Amino acid sequence: MSTVIDVPETSKNVKGRAISNPRPSGWKKGIAIMDFILRLGAIASALGAAATMATSDETLPFFTQFFQFEASYDSFSTFQFFVITMAFVGGYLVLSLPFSVIMIMRPCAAGPKLFLIILDTVFLTLATSSGAAATAIVYLAHNGNQDSNWLAICNQFGDFCQQISEAVVASFVAVVVLLLLVVMSAVTLPN
């Protein structure tokens with residue numbers, strides 16, 4: 001929407017020239033609000049994935065109470081990496097909320113958007129790598145691998161496998177939301 005402003009002849013502007021409205025367009029503010037809401041969802045997903053994986057534990061008694069089989073996330077270094085990474089991703093997303101609020105108040109500001117695009121991309125990569133690594137171990141836990149003598153443990157440790165599978169799914173929800181955040185921020189960058 002353009003408005004015509006009557007400016008003095010001595011100004012650098014030509015009299016009667018249309019000057020664009022200095023107020024930002026509404027769609028950028030709408031995307032900034034959606035950015036904030038998606039960040040809240042990604043926080044819940046990333047921290048939920050970390051908490052679910054960190055609390056996954058199941059013990060099966062064998063003959064006696066003193067001889068037991070245990071499956072826990074800290075038995076696998078990949079799952080430890082997953083918990084740490086998803087906690088970092090959740091922490092970053094919490095710390096990025098003030099920048100998201102700034103983008104709501106000033107939707108045309110390029111600085112905060114560029115800052116968030118760069119960091120969102122870094123943490124998207126981190127979340128994707130930890131989710132993919134955990135997915136490989138979850139697949140082996142469910143199906144095993146005859147070539148490497150890896151036995152499928154999910155027949156015995158059903159609750160453990162259910163929890164780690166839920167954590168991996170939650171991590172990929174966070175990955176998809178981070179991908180959407182990067183794309184939305186890139187679309188609203190000024191030309």
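In this predicted model, the buried residues of α1 pack against α2, α3 and α4. Let's start with that helix. α1 is 29 residues long, and from its first C-alpha to its last it reaches 42 Å, close to the 42 Å expected at 1.5 Å a residue. Its buried residues include K28, D35, R39, A46, A49, A50 and M53. An α-helix has 3.6 residues a turn, so residues three or four places apart point the same way.

Now for the inside. In soluble globular proteins, nonpolar side chains tend to be buried together. Here, the largest nonpolar core has 41 residues, and M53, F79 and M86 are the ones with the most contacts inside it.

| Helix | Residues |
|---|---|
| α1 | 26-54 |
| α2 | 77-105 |
| α3 | 110-143 |
| α4 | 158-187 |

Which helix gives the largest share of this core? That's α4, with twelve residues.

Take a closer look at M86. Leaving out residues up to four places away in sequence, M86 touches A46, L47, A49, A50, A127, S130, S171 and A174. Among these, A46, A49 and A50 are buried residues of α1.

Four residues, the largest share of the patch, come from α2. Why does M105 count as exposed? Because its relative accessibility is 61%, and the cut-off for exposed is over 50%.

Definitions and conventions:
Residues numbered from 1 in each chain as written. Predicted model: local features only at pLDDT ≥ 70, side-chain atom pairs only at ≥ 80, totals over all residues. Heavy atoms only, no water. Core = buried A, V, L, I, M, F, W, Y, C linked by side-chain atoms within 4.5 Å. Buried < 20%, exposed > 50% of the residue type's maximum accessible area, 1.4 Å probe, protein only. Helix = DSSP H or I, 4+ residues; strand = E, 2+ residues; numbered from the N terminus. Contact = heavy atoms within 4.5 Å. Expected span 1.5 Å × (residues − 1).
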